[in-house]
Amino acid sequence: PAIGYTLRDRSTGNILKYGETTQGIKRYTQKYMRAIDAEMVFEAEGSKAEMHSWQHDRIMDFKAANGGKRPPFNKNDY
């Protein structure tokens, strides 16, 4: 199964990225997570296609609520 996740700023809880992975916590190294001061929060689980759609929907909702801007680490809408 795939997992839908958010990367969140450790101090503010703000969403930095919506993503999907089949690797779980192995998706990012601990060194990287410390460098960006973030935590990975698992939000949903399903098929790869379902999680890709989940990710896209969350990004679009974020953009609608934030003047058309994506979360800082989402480079595109998918």
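**Exercise 1. In which strand is the place of Tyr5? Is Tyr5 buried or exposed?**

Solution. This is a predicted model, and the values below are computed from it.
- Step 1: find the element. Tyr5 sits in strand β1.
- Step 2: read the accessibility. The relative accessible area of Tyr5 is 1%.
- Step 3: apply the cut-off. Buried means under 20%, so Tyr5 is buried.
- Step 4: list contacts, leaving aside neighbours within four places in sequence. Tyr5 touches residues including Lys17, Tyr18, Arg27, Tyr28, Met40, Phe42 and Trp54.
- Step 5: check one distance. Tyr5 and Met40 are 35 residues apart along the chain, yet their C-alpha atoms are separated by 6.6 Å.
- Step 6: Seven of the eight residues of β1 are buried, and β1 is mostly covered.

**Exercise 2. Work out the order of the strands in the open sheet. Which strands stand at the edges?**

Solution. 
- Step 1: Strands of a sheet pair through backbone hydrogen bonds, either parallel or antiparallel.
- Step 2: take the first pair. β1 (residues 2-9) and β3 are joined by eight bridges in the antiparallel sense.
- Step 3: pick out partners in that pair. Ile3 faces Glu45 of β3, and Asp9 has Ala38 of β3 as its bridge partner.
- Step 4: take the second pair. β1 and β2 are joined by six bridges, again in the antiparallel sense. Here Gly4 stands opposite Glu20 in β2.
- Step 5: write the order. The three strands run β2-β1-β3 in an open sheet with antiparallel pairing.
- Step 6: name the edges. β2 (15-21) and β3 (38-46) each have a single partner strand, so one side of each lacks a neighbour in the sheet.
- Step 7: On average, neighbouring strands are turned by 20 degrees against each other, direction ignored.

**Exercise 3. How many residues lie between β1 and β2 in their hairpin? Is Ser11, in the loop between these strands, buried or exposed?**

Solution. 
- Step 1: count the link. Five residues lie between β1 and β2 in the hairpin.
- Step 2: look at the turn. Gly13 has a positive phi of about 80 degrees there.
- Step 3: Ser11 belongs to the loop between β1 and β2.
- Step 4: apply the cut-off. Exposed means over 50%. Ser11 has 62% relative accessibility, so Ser11 counts as exposed.
- Step 5: look along the chain. Asp37 is 26 residues from Ser11, and their C-alpha atoms are separated by 7.9 Å.

**Exercise 4. Which strands does helix α2 lie across? Is Lys63 buried or exposed?**

Solution. 
- Step 1: place the helix. α2 (residues 48-65) lies across β1, β2 and β3.
- Step 2: α2 runs at about 165 degrees to β2.
- Step 3: Lys63 is part of helix α2.
- Step 4: decide. Lys63 has 17% relative accessibility, so Lys63 counts as buried.
- Step 5: Lys63 meets Gly68, Lys69, Arg70 and Asp77.

**Exercise 5. What is the volume of the largest pocket, and which residues line the largest pocket?**

Solution. 
- Step 1: recall the method. Rolling a probe the size of a water molecule over the atoms shows where empty space is left.
- Step 2: state the volume. The largest pocket has about 160 Å³.
- Step 3: name the lining. Lys17, Tyr18, Tyr28, Tyr32, Gln55, Phe73, Asn74, Lys75, Asn76 and Tyr78 line the largest pocket.
- Step 4: sort the lining. Five residues are nonpolar, three polar and two charged.

Note on methods. Residues numbered from 1 in each chain as written. Predicted model: local features only at pLDDT ≥ 70, side-chain atom pairs only at ≥ 80, totals over all residues. Heavy atoms only, no water. Pairing = 2+ DSSP bridges. Helix = DSSP H or I, 4+ residues; strand = E, 2+ residues; numbered from the N terminus. Axes fitted to C-alpha atoms, helices over the stretch in contact; angles between N-to-C directions. Contact = heavy atoms within 4.5 Å. 1 Å grid on protein atoms, 1.4 Å probe; cavity = no way out; pocket = protein on both sides within 12 Å on 5 of 7 lines; lining within 4 Å. Points joined across faces, edges and corners; volume = space filled by probe spheres on them. Nonpolar A, V, L, I, M, F, W, Y, C, P; charged D, E, K, R; others polar. Buried < 20%, exposed > 50% of the residue type's maximum accessible area, 1.4 Å probe, protein only.
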